[in-house]
Amino acid sequence: MTAPPDELIALLSRAAIEPAAPEPLRVLSAPDWARLATLPGYQLAALWVEQDRALGLVQRDDWVAPIATEGAEPAFALMRNAHPHLALAQRSGEFADAPGEGVYQIGEGPVGGEIAEPMHRRLHLAGDSVLRADHRFGYAHRDILTLIEGKSPRAAVRFAARIAGLSAVAHSLAFARAAEAASGAAIPAPVEALREAMAATERCVASLLALARLADICALPRLAATLIDLRTSMADAAAQIFFHRLMMDMVVPGGIDIAPRLSALPMLIAHLQSVRAVLQPFGAWRWRRRWADLAEPVRGRVWQAINDAAFAVSALAPFSAAERAEPWSVALPSQNGAGLGQARDLDGPIYCWMRLDGGFITVCTIANQGLNRIAALEAAAPGQTRAAFARRAALLMPPIGMIDQ
Amino acid sequence: MKPPHPDPAIRTALAQRLAAEGRARPHLALTIRHLDAGSCGGCELELRSVRAWQSGLTAYGIRFVDDPRTANILLVTGVATQGMAAPLRRTLEAMPDARLVVVIGDCAVDGGVFKDSQAVLGGVVRLVTVDLAVTGCPPAPEHIIDGLLAALDP
């Protein structure tokens, strides 16, 4: 783990430590919140409002610290500085104008257009060239963090799993690890290995689906259908083994909820082993030129899928040899504490920070890369043609649930 | 994809219920506008499997469209959040009168695990009249196709 930068240490050392928090929660003054935005290399991994104050997770590389401030407004100002391209979650008000002659706007979603998702995308165009892209969220807000509060980690994990179906295992795993860190539970190594294998399988599936979307929009429906077929077969196998097509509700705080049907593992392993062959067309020049502007991210997704599949195969193989006699989960000790859990989905780390009081969750937050991915998409939009932007969005758009929790 | 086997009992029950209301099932073609009303994305993944079954969809006259004005089926997934209430109503208003509302997934039926949330209305039925529901979390692609074919007048 890298050390935090000196200037961040100086800033955090000025903060008041909240006495009731078992893990140091630094309460920053409003000027220090504003100064946080000027520190180089910092990133705000999460931001949420808890009654009269805002809390956040500040991140630099793999170093993370929870912070808080009195009043929400400085936190929102910080958020705007961190992501200047981002239209903050709101469903009304005007979009910022792109100046110039002959500029027109196209809006898509949630009612009409190719977008059937609960969001609105506004493109400012001049001719066929995108000048500016804005996304607006807030339609799909389910108030998940409020549902989580006051419940036991075991009861609340099903909400974390449903933040985004495409990264259900990753969100559950981050949540479970936070609960385990907060309560001091120790998970048996084989159970942890199976959870990692499930997360790798899920990342592989997510890569396949992103590439299928790209193939579809690049007029390669047969390639897209092949990838989707493989994903469907993997979901069928997952339903056999883990009793759910998306492996939802299996990863719980303390281990794995019910004993998986390991006799069906060879079916899933066989599908994972075929990933590399199915992705061969992405290396062929006659197809590759269709996404020449996206060569790097496509290569990244392809190798992510191949590497995750290889990792999942090697991690799952020992489990297909014999049924496990030991229990798959341990009970969480019912105690006070706070903990940070981390897991990885397709685009980077997911963090969950949780505070337990008598075995029940008093504060919980879940941070993922959803907003960062949207901000990167919006930053890359100016100067692209509309079709090129659509291709990029098809490949790199995160699930809406990751943003609208 | 396995060959679809729509349940004849559901087909008959839907036809009788619609006939009692003076309505009919779409004949020969289903043009579907899909709307995500606050889903986790699981049902959408299964819908993508459905959409990848192109030969079968063409054979049965099933087509997904982007414009609600050209659709005769509104396919809704998700919990029906407060934020999606207005877009859902507007989509339905834009559609022709001869239309059916089909909901996919447990969340769309009654809110699923989110039914206690203040931001969730608790199922699409709280907003619009639902004609057919395909349950499951998420339902397998075969079940979705069976459900869609039950809504089609052959």
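Below is a short exchange on chains A and B of a predicted model.

The model is predicted, so local features need pLDDT of at least 70 and side-chain atom pairs count only at pLDDT 80 or more, while totals for chains, interfaces and linings use all residues. Residues are numbered from 1 along each chain as its sequence is written, chains are lettered from A and ligands numbered from 1 in the order in which they are written, and side-chain values use heavy atoms, with hydrogens and water left out.

Me: What makes the fold pattern of chain B, and how many helices and strands does it have?
Reply: Chain B has 6 helices and 5 strands. Helices are DSSP runs of H or I with at least four residues, strands are runs of E with at least two, and both are numbered from the N terminus. Along the sequence the pattern reads α-β-α-α-β-β-α-β-α-β-α.

Me: How do you know what span to expect of helix α1 of chain B?
Reply: The expected span is 1.5 Å times one less than the number of residues. Helix α1 of chain B (residues 8-20) has 13 residues, and 18 Å is expected. From first C-alpha to last it reaches 18 Å, close to that value. B:Gly22 follows α1(B), with a positive phi near 75°.

Me: What makes B:Glu46 and A:Arg245 a salt bridge?
Reply: The rule asks for a side-chain nitrogen of Lys or Arg within 4 Å of a carboxyl oxygen of Asp or Glu. Here N to O is 2.9 Å, so the pair qualifies. The rule finds 2 salt bridges across the interface of chain B and chain A.
β1 (30-36), α2 (42-52) and α4 (85-94) of chain B each supply at least two residues of the side that touches chain A. The largest share, 6 residues, comes from α2(B).

Me: How do you know how much area chain B and chain A bury?
Reply: Buried area is the accessible area (1.4 Å probe) that two parts lose on being put together, summed over both. For chain B and chain A it is about 2,900 Å², 62% of it on carbon and sulfur atoms. In contact (heavy atoms within 4.5 Å) are 34 residues of chain B and 36 residues of chain A.

Me: Why does the salt bridge of A:Arg154 and A:Asp257 tie together parts of chain A?
Reply: The closest N and O atoms are 2.9 Å apart. A:Arg154 lies in helix α5 (residues 153-161) and A:Asp257 in the loop between β10 (255-256) and α9 (265-273), so the linked parts are 103 residues apart in sequence.
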